[in-house]
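Here's a walk through one model, a stop at a time. Keep the viewer open and follow along.

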Amino acid sequence: MNPTTTNENLAPWPWAVSNSDISFDVATMEQQLKDFSRSCYLVNHSEKGIGIAQQAEVVTGSASSAAQPVSAFAPALGTESLGDSNFRRVHGVKYAYYAGAMANGISSEELVIALGKAGILCSFGAAGLIPSRVEAAINRIQAALPNGPYMFNLIHSPSEPALERGSVELFLKHGVHTVEASAFLGLTPQIVYYRAAGLSRDAHGNIQIANKVIAKVSRTEVAEKFMMPAPAKMLQKLVDDGSITAEQMELAQLVPMADDITAEADSGGHTDNRPLVTLLPTILALKEEIQAKFNYPTPIRVGCGGGVGTPDAALATFNMGAAYIVTGSINQACVEAGASEHTRKLLATTEMADVTMAPAADMFEMGVKLQVVKRGTLFPMRANKLYDIYTRYDSIEAIPADEREKLEKQVFRSTLDEIWAGTVAHFNERDPKQIERAEGNPKRKMALIFRWYLGLSSRWSNSGEAGREMDYQIWAGPALGAFNQWAKGSYLDNYQDRNAVDLAKHLMYGAAYLNRVNSLTAQGVKLPSELLRWKPTQRMA
């Protein structure tokens, strides 16, 4: 009896494949699955098992004995099927993907330029850098990428608002048209100024948004503020001081504060350790609520980062509805990152459990923490000790003599008086008001001294400060450990072979491959185990 006519063996697709076009060799089948430009037709041969062909014919009658019925089908879809096409269009990129900022220039000019030349968006790590350093980065990146894509990080600086304002003025001065707003606890005049200053109408009366904002958030109350228009009171003050026009104030109340919202899950650096599977759906639901209320012509896009370090994680994030994905920790071990050789080597051996929380330098007094590597460094222990001392004593002078001696010898390696002198010099260049606020405020003075260590420890890690290896502050999340486990045994095991473009393509192409495999297995076929995973066997960039 012809197998195509029985109920038990009825093929779900109306196609048949010529026996001569079918591949049963696993290596060939893998290449066919990776060829996203062509469709895949799977057959289940009674003797040879699963096979794949890339062409088929519609069955109009009884199937020929020289042909096999198609048991499963996957269309010619690749990375373009993942995420929101508007994200790619608006930002002028190839993939629904961007590399997030890592402060102090860890997301370096080299990283931004390498990814930008490959058509991939990357955020320069401007946080923590003085204005002259940021300006030099703007000039270099714009020279290398005159048409983009690139963006700069704008981090909320509650203790240094002048630095936040200075960054915005630099971005407006040099025509930086996309910023990644991170660590914001709410809207500030600075981010509202950046957004509103780029608004205008075209000849047809349509609102033009010149300054795009991608807001990285982990709380619904913060996400809501970025999804809504800028507050009128804040806009009015900007009009009053001449920063924006009355028309821009009017337009700012018709558009959301951000074009894109990145739901930041359990990431390196500033994080609330939110699980991706609970955070992303919550932010997506909030977006729908806000969209129904304001009916924006172009709906806000919601992407996700934090925990995305493998193709499996990337696909899972897309399948949950993310418009785009964001990577961070995995890029720090790349050759283009502004991290030292010692740090990149250490990062390549970091496992998922090798991270912990420690006080953040920029929000030390508020008790805000960030996620760092704990393996191979004493920074987390020493930083947490500093915060413990800060909460227990009201001034440097109140610290017991033996405790102070330990700090000076083990942590600061200098007297606290000398550290204070260096702190004064640092802030006189960066933000003199910080010193003014500490005069006559012993608690504030202690915070600035302790922030000296917290601030420099990350710079030591970046520059490879000899003798300070045990004090290196290295930001990373568990995604890095997952990536290292996935890369084990491949060429990516060697940190010196890690390039950011290569990693981005592995994640995106790997996610597309797994998407194809999942689609086929969902149709009831059982692929050979060797084909179920995307393996980093060769460089993609």
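Sort the lining of the second largest pocket by residue class and you get 11 nonpolar, 2 polar and 5 charged residues. This is a predicted model, by the way, so read everything here with that in mind. The pocket itself holds about 500 Å³ of space. Of its 18 lining residues, the ones closest to the centre are Ile207, Ile209, Val255, Asp259 and Thr298. Two elements give two or more residues to this lining: helix 2 (85-91) and strand 12 (207-209). Strand 12 gives the most, with 3 residues.

Now for some helix packing. Two packed helices are described by the angle between their axes and the distance between the axes. Start with helix 3 (residues 109-117) and helix 4 (residues 131-144), whose axes come within 10 Å and cross at roughly 20°. Anything under 35 degrees counts as roughly parallel, so helix 3 and helix 4 are roughly parallel to each other. Their crossing is right-handed. On the helix 3 side, the contact is made by Glu109, Glu110, Val112, Ile113 and Lys117, while helix 4 puts in Arg133, Ala137, Arg140, Ile141 and Ala144. By class, that contact splits into 5 nonpolar and 5 charged residues, with no polar ones.

The contact of helix 4 with helix 5 has 6 nonpolar and 2 charged residues, and no polar ones.

Arg404, Glu408 and Phe412 in helix 15 meet Leu416, Asp417 and Ile419 in helix 16. The tally for this contact is 3 nonpolar and 3 charged residues, with no polar ones.

Last stop: the backbone. Most residues other than glycine have a negative phi, and most peptide bonds are trans. Two spots in this model are worth checking against that. Asparagine 104 has a phi near 60°, a positive value in a residue other than glycine. You'll find asparagine 104 in the loop between strand 7 (97-99) and helix 3. The other spot is the bond joining glycine 148 and proline 149, a cis peptide bond with omega about 0°. Proline 149 lies in the loop between helix 4 and strand 9 (151-155).

Methods:
Residues numbered from 1 in each chain as written. Predicted model: local features only at pLDDT ≥ 70, side-chain atom pairs only at ≥ 80, totals over all residues. Heavy atoms only, no water. Axes fitted to C-alpha atoms, helices over the stretch in contact; angles between N-to-C directions. Helix = DSSP H or I, 4+ residues; strand = E, 2+ residues; numbered from the N terminus. Parallel < 35°, antiparallel > 145°, perpendicular 65-115°, else oblique. Left-handed = near helix turned anticlockwise from the far one by under 90°. Contact = heavy atoms within 4.5 Å. Nonpolar A, V, L, I, M, F, W, Y, C, P; charged D, E, K, R; others polar. 1 Å grid on protein atoms, 1.4 Å probe; cavity = no way out; pocket = protein on both sides within 12 Å on 5 of 7 lines; lining within 4 Å. Points joined across faces, edges and corners; volume = space filled by probe spheres on them.
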